[in-house]
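Student: I would like to learn how to read a protein model. Could we go through it one feature at a time?

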Amino acid sequence: MDPTARILRLLSLLQTYRHWSGDELSNRLEVSPRTLRRDVERLRELGYPVETSRGTYGGYQLAAGTQIPPLLLDDEEAVAIAVGLRTAANGAVSGIEETSVRALAKLQQVLPTRLRRRVEALAVATETVSGYSEVVDPDVLLTIAQACRGSEQLRFHYTANDGSETSRLVEPHRLVSRYRRWYFVAWDVDRGGWRTFRADRVTRPFANGVRVPPRELPAEDAASFVNAALRSRPQPFTAVLRLRGTVEELRERVPRWMGELTVDADGSCVLEAGADNLEWLALSLVRLDAEAELVEGSDELVAELTRLRTGAEQLVRRCGGTVRGRPGPATMIG
């Protein structure tokens, strides 16, 4: 491997928030222990604080230093990025929540103490206005993300649907952002199986320092596992819709998290949707990018859909019946 590429590969491994033995790194990079030591020294010369521990369990780990490693960032820029990532992690910008948490975990690891305190002070002084999602403490997300990256056991207290609280010990696998709500997939050590947890119900998480080898997830990826787990749970609010279009077209336009899309005996497409929040289910149906007919739904759901339609009609009347802008997708609910 080219020396420059090898050093960048070494830096990438060290940034996974874990302790690496010298043999592990030598095998990954296919170099001798002597070459590895030279590469580590080169990183130190570039400003990356690589710690070395000796003995049976000795090795290398990237640590926070007295200054930010060379990223072409000054203190103000680093604080601004950290605050922006914390805000984005809470869903301020849809679609980048999970990426923001991963980036924040990397930045937080090397952020000097003086700057970390400034970020925390800004977080305390800032309030987030939530909509149809539950606010999750970014520090909780950060702790989970670091445990996932480091393959480290995580302890936390978890509040169930009925309000009961339990203490859990898990091996976290991956965080998943599912339409402005955070979940994470983990192997539950005490219960001996894979579980899906809502991050907004997690309190007092901490990594206990026990590192474990990654387990093979019984799904294509973490997002698929979460979707399957949520579909298997009984939802308090459900709806069945008949959609206009072919199943190939609709699978591109209907989000997988909304529910199961099947083909009826007459060839029409049917969507079985569910949610644990009535307002959120109604709003999701109204925003559906397809023409739809409500086949089954509770009286509460119909009343909520009617309320949304009435509000929209009143808004149009206040605008004199004319709204400038591009029309959205045609959706029939009724």
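Student: Which elements do the buried residues of α10 pack against?

Tutor: Some terms come before the case. Buried means under 20% relative accessible area, exposed over 50%, and partly exposed in between (1.4 Å probe, protein chains only). Contact means heavy atoms within 4.5 Å. Helices (H or I, at least four residues) and strands (E, at least two) are DSSP runs, numbered from the N terminus. Here, the buried residues of α10 pack against β8 (237-243), β10 (269-275) and α11 (299-318).

Student: How many residues of helix α10 are buried?

Tutor: Seven of the nine residues in α10 (residues 278-286) are buried, and the helix is mostly covered. Among them are W280, L281 and L283.

Student: What kind of model is this?

Tutor: This is a predicted model, in which local features need pLDDT of at least 70 and side-chain atom pairs count only at pLDDT 80 or more, while totals for chains, interfaces and linings use all residues. Residues are numbered from 1 along each chain as its sequence is written, and side-chain values use heavy atoms, with hydrogens and water left out.

Student: Why does V119 count as buried?

Tutor: V119 is buried because its relative accessible area is 2%. V119 sits in helix α6 (residues 113-124). Leaving out residues up to four places away in sequence, V119 touches V79, A82, V83, R86 and L111.

Student: Where is S26, and is it buried or exposed?

Tutor: S26 belongs to helix α2 (residues 22-29). With a relative accessible area of 6%, S26 is buried. Its contacts, not counting residues up to four places away in sequence, are V31, S32, P33 and L36.

Student: Which residues form the positive surface patch?

Tutor: A patch takes residues with over 30% relative accessible area and no salt bridge, and like charges are joined within 9 Å. A salt bridge is a side-chain nitrogen of Lys or Arg within 4 Å of a carboxyl oxygen of Asp or Glu. Lys and Arg count as positive, and the place of an Arg charge is taken as CZ. In this model R34, R37, R38 and R54 form the positive patch. R37 lies in helix α3 (residues 33-45), and R37 counts as partly exposed because its relative accessibility is 46%.

Student: How many helices and strands are in the protein?

Tutor: The protein has 11 helices and 11 strands. Of its 334 residues, 39% are buried.

Technical notes. Patch = residues over 30% accessible without salt bridge, like charges linked within 9 Å, V, L, I, M, F, W, Y side chains within 5 Å. Areas by Shrake-Rupley, 256 points an atom, 1.4 Å probe, with all protein chains shown as cover.
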